Amino acid sequence: MKKYNNLTATLALAKASFRSIMRSPSAVVFTLAFPLIFILVFGFLGGGGTHIDVGVTPGSDVNNPVMGMLEKTGMIRLIKDKSKAEFDKLLEKGNVDAMIDVHRKVNSAAYSVNVVYTSASRDKGGILKSVLNNIFYDKTLKPTVAEIKESTITGREYKTIDFILPGQLGFSLLSTGVFGTAFVFLSLRQTLVIKRFFATPVKRSSIVIGEGIARIGFALIGALFIILIGHFFFGFTLVNGALTVVNMLILATLGVIVFMGFGFIISGIAKSESMVPPISNIITLPQFLLSGTFFSIEAFPSWLQPISRALPLTYLNDAMRKVAFEGLGLWDVKFQIMILLIWGIGIYAVAVKVFKWE
Amino acid sequence: METKKAIISVKDLVKKYDDFVAVQGLSFEVYEHEIFGLLGPNGAGKTTTLEIIETLRAKTSGEIIVDGFSVDKQPQDIKQIIGVQLQAAGYYPNLNLIELIELFAGLYGANIKPMEMLEKVNLQDKAKAKYKALSGGQKQRFSIATTLINQPKIIFLDEPTTGLDPQARRNLWDLITEIRDAGTTVVITTHYMDEAEQLCDRVAFVERGQIIALDTPDNLIDKLVNSGFERKKEVKKANLEDVFINLTGQEWRE
């Protein structure tokens with residue numbers, strides 16, 4: 001008898017599954033259309049990115065390196081030529097996000113920087129704080145006046161697309177992994193397709209791996225498409241060009257494998273196809289909102305941040321942004337990768353327990 | 001009969017579910033190149049028995065040998081020499097018939113031309129159609145095509161004609177007979193006694209998980225007649241199905 005070839009079977013399944021996914025409208029919509037629509041909307045809306053209006057206190061020194069560097073960030077608009085009273089009103093309403101007052105210190109080359117934030121514009125104040133910290137961290141500005149904190153804001157021009165695209169990419173991978181896997185395995189089980197497979201010599205591992213190959217392949221094509229559209233039409237920053245794309249795709253693969261685990265779990269616990277969307281939404285929606293897909297999680301209230309920092313998508317998004325915008329290598333985002341791997345181990349441990357073949 | 005070689009032998013097969021015995025001590029043999037029918041009411045244990053032989057279900061006890069392979073020790077070998085049509089099984093979504101046949105060829109590791117498989121069951125015109133778009137009879141013929149991909153020694157058909165119109169049924173009988181004549185052993189379950197009488201070389205009656213009769217349809221009928229059984233009504237030379245076929249034609253429409 002001819003030796004049975006598991007690889008042939010696995011590849012036949014991967015091919016069949018890939019064809020099926022490409023013809024499934026929901027897969028195409030969730031993986032490509034949704035993220036692209038968001039990217040389009042934010043790509044056109046965002047334009048120059050976030051602006052912070054900072055009033056310059058009358059009487060402040062304006063010809064100093066601090067002011068120059070603030071202007072150079074491109075994010076901060078300095079407003080001058082207004083009286084103290086006018087500024088106070090604007091500050092109260094949040095029309096001006098903060099006031100700055102710079103003076104040269106007596107008998108010193110150092111400057112003293114006085115910043116007044118407003119509770120009417122807390123999150124922008126927060127960004128300004130980071131920017132200032134960042135500037136003081138700069139070595140050209142030797143004598144420091146403020147305490148130095150870790151900063152999330154980098155000096156390169158940070159466009160809306162640079163923030164939005166990795167988030168949308170992460171979300172696309174999450175939906176492909178979760179919804180796609182859950183629907184496919186549930187329906188294959190319920191329509192007895194899997195049972196029919198079991199009447200052939202195919203191994204269970206071939207079924208899972210074949211399906212996985214198809215889904216990862218599809219997700220990567222989607223990711224590449226999103227990255228290229230973002231790069232060529234909206235100026236998405238790819239610091240190291242093709243290498244950055246490869247790194248992003250490696251991260252995408254890891255992400256989709258982890259997220260597919262959720263799909264396996266859902267296919268095991270859902271009793272019918274109509275139960276898949278609600279359970280999937282319980283998993284995807286909080287990550288969609290809280291994992292820094294649209295807003296930086298720094299902008300969330302402090303009680304919410306620990307929740308955000310517990311979600312796997314947060315780390316995928318974070319790693320994607322660092323790789324794409326800061327040009328870091330995969331080794332530099334090993335912490336994020338490690339958290340994803342820990343999630344992966346946990347998810348698959350549950351999946352093995354609840355997954356049903358029949 | 002005694003000189004025929006058994007290709008399947010089932011001995012004292014028992015299948016218990018939690019609080020229910022589906023199969024209690026079944027024993028029978030299926031000979032090479034015959035069409036063997038498992039008959040009986042719903043829930044008698046026909047499908048369970050088939051699925052245990054097909055290695056899809058674990059048995060509680062008993063011994064089953066399929067072409068020299070034991071279901072306990074060599075299920076993979078058995079899978080390679082059997083073809084299985086399940087009751088109400090679906091197929092991979094969004095694929096056309098050719099692609100489905102390609103998939104199964106990969107799963108069996110068989111090197112076949114998909115179009116030739118479809119020609120065998122007269123579905124070459126539907127090559128690009130989706131399984132869901134087929135009629136009942138076409139679906140069953142396609143299912144049978146998938147059982148033939150690995151050139152099996154035995155095929156199992158679980159109620160292949162349920163829900164089909166008389167023409168489609170007859171068309172399927174012809175197909176099944178052809179498959180038998182080509183040298184494949186066929187094990188079939190059905191609710192239709194006229195079908196079993198026409199199609200099967202031997203039949204076993206299963207009732208409450210036990211075999212209560214096993215012989216050729218002719219012998220079983222003769223035995224009953226010899227015991228003094230008479231139909232209440234004088235048998236006419238034709239029945240209503242003959243009328244139906246006569247009126248609507250032999251030809252099968254899709």
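Reader: How is chain A divided into domains?
Author: Chain A has domain 1 (6-46 + 158-354) and domain 2 (52-137); these bounds come from an automatic or database domain assignment. Between the centres of the two domains, taken over C-alpha atoms, there are 41 Å. This is a predicted model, in which local features need pLDDT of at least 70 and side-chain atom pairs count only at pLDDT 80 or more, while totals for chains, interfaces and linings use all residues. Residues are numbered from 1 along each chain as its sequence is written, and chains are lettered from A and ligands numbered from 1 in the order in which they are written.

Reader: Which helices of chain A cross at roughly 135°?
Author: The axes of helix 6 (residues 160-190) and helix 12 (residues 312-325) of chain A do so, coming within 9 Å. Helices (H or I, at least four residues) and strands (E, at least two) are DSSP runs, numbered from the N terminus. Axes are lines fitted to C-alpha atoms, for helices over the stretch in contact, and angles run from 0 to 180 degrees between N-to-C directions.

Reader: What is that angle called for helix 6 and helix 12 of chain A?
Author: Helix 6 of chain A is oblique to helix 12 of chain A, because angles under 35 degrees count as roughly parallel, over 145 as roughly antiparallel, 65 to 115 as roughly perpendicular and the rest as oblique.

Reader: Which residues make the contact?
Author: Among them are A:Gly167 and A:Leu174 of helix 6 of chain A, and A:Leu316 and A:Met320 of helix 12 of chain A. Two residues are in contact if their C-beta atoms, placed from the backbone, lie within 7 Å.

Reader: Changing topic: how many residues does each chain give to the contact between chain A and chain B?
Author: Chain B gives 23 residues and chain A gives 26 residues. On the chain B side, helix 3 (97-108) and helix 2 (75-81) each supply at least two residues. Helix 3 of chain B gives the most, with seven residues.

Reader: And the sheet in chain B: what is the strand order?
Author: Four strands form an open sheet in the order 2-1-4-5, with antiparallel pairing; two strands pair if DSSP finds at least two bridges between them. Strand 2 (20-31) and strand 5 (69-70) of chain B are at the edges, each with a single partner strand, so one side of each lacks a neighbour in the sheet.

Reader: How many bridges join strand 1 to strand 2 of chain B?
Author: Nine bridges join strand 1 (residues 6-17) to strand 2 of chain B. B:Ile8 has B:Val30 of strand 2 as its bridge partner.
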